[in-house]
Amino acid sequence: MTSHDQTSEAEATGTSTTSAQETRGTGSSVPDEERWLVIHGRRWRRTDPSLPADVVEALTSHLGKGRSGVRAGKKAGDDERVAASRRRVGLAKAGLGERGPYWWDEPETARLARARDALRELEALDEHAPPG
């Protein structure tokens, strides 16, 4: 829902006919309104609608934590914190389907597995984070 995606207009409208799409056949069944959100003329990939609400909620929480960390790290001039926070943002967005392979081109089982893997990795970051 919040990731800017650099694709051609043909890909955005679902008119692209790559061999991968033809083989899977899943991309054409998802309407553009479910794939993209346009805000002020910019197209952002939507969150995968097949993900369970609890997974989306957890990943969204990590996304907010990462964005907050980026802001705080920039304000403090802490490049390490900015980098770690950007990694958290990237993991959360990939888990939500907003980055990486187009979720509409993959089977739901693969999408759910990627989301759960991202969530496990994010939770591991919290386990190894210094207190405070």
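In which crossing, left-handed or right-handed, does helix 4 pass helix 5? Helix 4 passes helix 5 in a left-handed crossing. This comes from a predicted model.

**The helix pair**

Two packed helices are described by the angle between their axes and the distance between the axes. Here helix 4 covers residues 53-76 and helix 5 covers residues 79-96. Their axes come within 8 Å and cross at roughly 155 degrees. Angles over 145 degrees count as roughly antiparallel. Helix 4 and helix 5 are therefore roughly antiparallel to each other. Their contact draws on nine nonpolar, seven polar and seven charged residues.

**Two residues and their contacts**

R88 is found in helix 5. Is R88 buried or exposed? The cut-off for buried is under 20% relative accessibility. R88 has 10%, so R88 counts as buried.

| Residue | Contacts |
|---|---|
| R88 | H62, K65, G66, L122, L125 and D126 |
| L96 | T47, D48, L51, V56, L59, T60 and L63 |

**The nonpolar cores**

How many residues does the largest nonpolar core have? The largest nonpolar core has 12 residues. Among them are L51, V55, L59 and L63. V89, L91, A92 and L96 also belong to this core. A115, A118, L119 and L122 are members too. Helix 4, helix 5 and helix 6 (108-127) each give two or more residues to this core.

L96 belongs to the largest nonpolar core and is in contact with the core residues L51, L59 and L63. L122 is in that core and is also in contact with R88.

How values were computed:
Residues are numbered from 1 along each chain as its sequence is written. This is a predicted model: local features need pLDDT of at least 70, side-chain atom pairs count only at pLDDT 80 or more; totals for chains, interfaces and linings use all residues. Side-chain values use heavy atoms; hydrogens and water are left out. Axes are lines fitted to C-alpha atoms, for helices over the stretch in contact, and angles run from 0 to 180 degrees between N-to-C directions. Helices (H or I, at least four residues) and strands (E, at least two) are DSSP runs, numbered from the N terminus. Angles under 35 degrees count as roughly parallel, over 145 as roughly antiparallel, 65 to 115 as roughly perpendicular and the rest as oblique. A crossing is left-handed if the near helix is turned anticlockwise from the far one by less than a right angle, and right-handed if clockwise. Ala, Val, Leu, Ile, Met, Phe, Trp, Tyr, Cys and Pro count as nonpolar, Asp, Glu, Lys and Arg as charged, and the others, Gly among them, as polar. Buried means under 20% relative accessible area, exposed over 50%, partly exposed in between (1.4 Å probe, protein chains only). Contact means heavy atoms within 4.5 Å. A nonpolar core is a set of buried Ala, Val, Leu, Ile, Met, Phe, Trp, Tyr and Cys residues joined through side-chain atoms within 4.5 Å. Lists of a residue's contacts leave out its neighbours within four places in sequence.
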